Amino acid sequence: MDTNIPTTPSTPSAPGFDFLDFLQNPWFLGIAGSVGGVLVLTAIHFFIKGKSFTNPIKADKQVVVITGNSSRGKEVVRELATRGATIYIGTTDVEKCENFVKEVQNSTKNKNIFVKKLNLGSHVSIREFVDSFLAEQQRLDVLIHDESVLKWAKTKTEDGLELHFGVNHVGQFVLTNLLLETLKKSAPARVLVVSNILYHCGAINKEDLNSEKSYSFHKAYPQSKLANLLFVRELSRRLEESDVTVNAVYPGLVQPEIEGIAGKIGDYVINLILKPYFWTFFKTPTAGAQTILYGALEPELKNTTGKYLQECSVKDLCEKSASCDLAKYLWDETEKIVAANQAA
């Protein structure tokens, strides 16, 4: 018997899907790595963004003065305008700020937003600003010191003071004291001094406050930021019997403005290159405005003074500014500087 039984030739089976091979595919690894990177950066962005001020309280009876023309300051103005506040912006760049104000007036329908020339490096300019403001307003509910200068090379103010010390501290000192009686008459009122994390690196140089003997940016700028906190401590102590509160505010690291560094095209290219980095590791101007708005409007802060506001919460001032003797020393020395400028 023939035992060779013919068989039907088998067709080759289709190759199976190898999941492990797929996971090792360079295309998959590239796409997965990119998606994972974006998710991590997005998570960092929302963590950095921090808390928002969500209280819908109106500000239609509030008169506010804010110094400077920073991106976060603009967002503070925009939000206060939306809530109905009357706002005065003191800035050196009046023309540029007026264009911004027109845009906000149109978008919020609030026409009570005004720009006035203010150079915190000139005591004459500060007094002119105050005289102009008081000629139009009888009250002041909130004074926000948002103006701050940062410059590498040694520069002097119009009054001959080292720029950082003169603007970031002495200018704020003069403006606040000239408006103090109006704040008291308008009580309850608030003073907010926008701070910077670099105060940690600061020290008050009693031997050379004005950097006349030697200058270092790494010392001058942090000194001015520490001076802000000492000013808050001493002013809050002096106003204990009044209904005017004084607090420092830390808005977080806000996206820096690259402007006037490498020309119009160069600035655009720099911004384009750094935009992903800024978006990830810095707060947007809107996010940076939140704690300032919290300090200006939150009803629960009515009796909070001499504190450090961060992420829409209240903290104590740092240990570096804990010395009442140092705060009083700086106040007394600043008074002498102001008196000398008035006599000059």
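**View 1. S211, a buried residue with a positive phi.** At 7% relative accessibility, S211 counts as buried (buried means under 20% relative accessible area, exposed over 50% and partly exposed in between, using a 1.4 Å probe and protein chains only). Its phi is about 55°, a positive value even though S211 is not a glycine. Most residues other than glycine have a negative phi. To find S211, look in the loop between β5 and α7 (217-238); helices (H or I, at least four residues) and strands (E, at least two) are DSSP runs, numbered from the N terminus.

A quick note for all the views: this is a predicted model, where local features need pLDDT of at least 70 and side-chain atom pairs count only at pLDDT 80 or more, while totals for chains, interfaces and linings use all residues. Residues are numbered from 1 along each chain as its sequence is written, and side-chain values use heavy atoms, with hydrogens and water left out.

**View 2. C312 in the loop between β7 and β8.** Here's another residue that isn't glycine but has a positive phi: C312, with a value near 55°. The strands on either side of its loop are β7 (307-310) and β8 (313-316). C312 is buried, with a relative accessible area of 14%.

**View 3. The cis peptide bond between A187 and P188.** Most peptide bonds are trans. The bond joining A187 and P188 is cis, with omega at about 5°. P188 itself sits in the loop between α6 (163-185) and β5 (189-194).

**View 4. Strand β2, covered on both faces.** Zoom in on residues 86-91 and you have β2, where six of six residues are buried. In a regular strand the side chains alternate between the two faces of the sheet. For β2, one side carries T86, Y88 and G90, the other carries I87, I89 and T91, and all of them are buried.

**View 5. β2 and its partners, β1 and β3.** Strand β1 (residues 63-67) runs parallel to β2, joined by five bridges (two strands pair if DSSP finds at least two bridges between them). Opposite T67 you'll find G90 of β2. Strand β3 (residues 113-117) also pairs with β2 in the parallel sense, over five bridges. There, T91 has K117 as its bridge partner.

**View 6. The crossovers into and out of β2.** Together, β1, helix α3 (residues 71-82) and β2 make a right-handed β-α-β unit. From β2, the chain crosses through helix α4 (residues 94-108) to β3, and this β-α-β crossover is right-handed too. Right-handed means that, with the strands pointing away from the viewer, the path from the first strand over the helix to the second runs clockwise.
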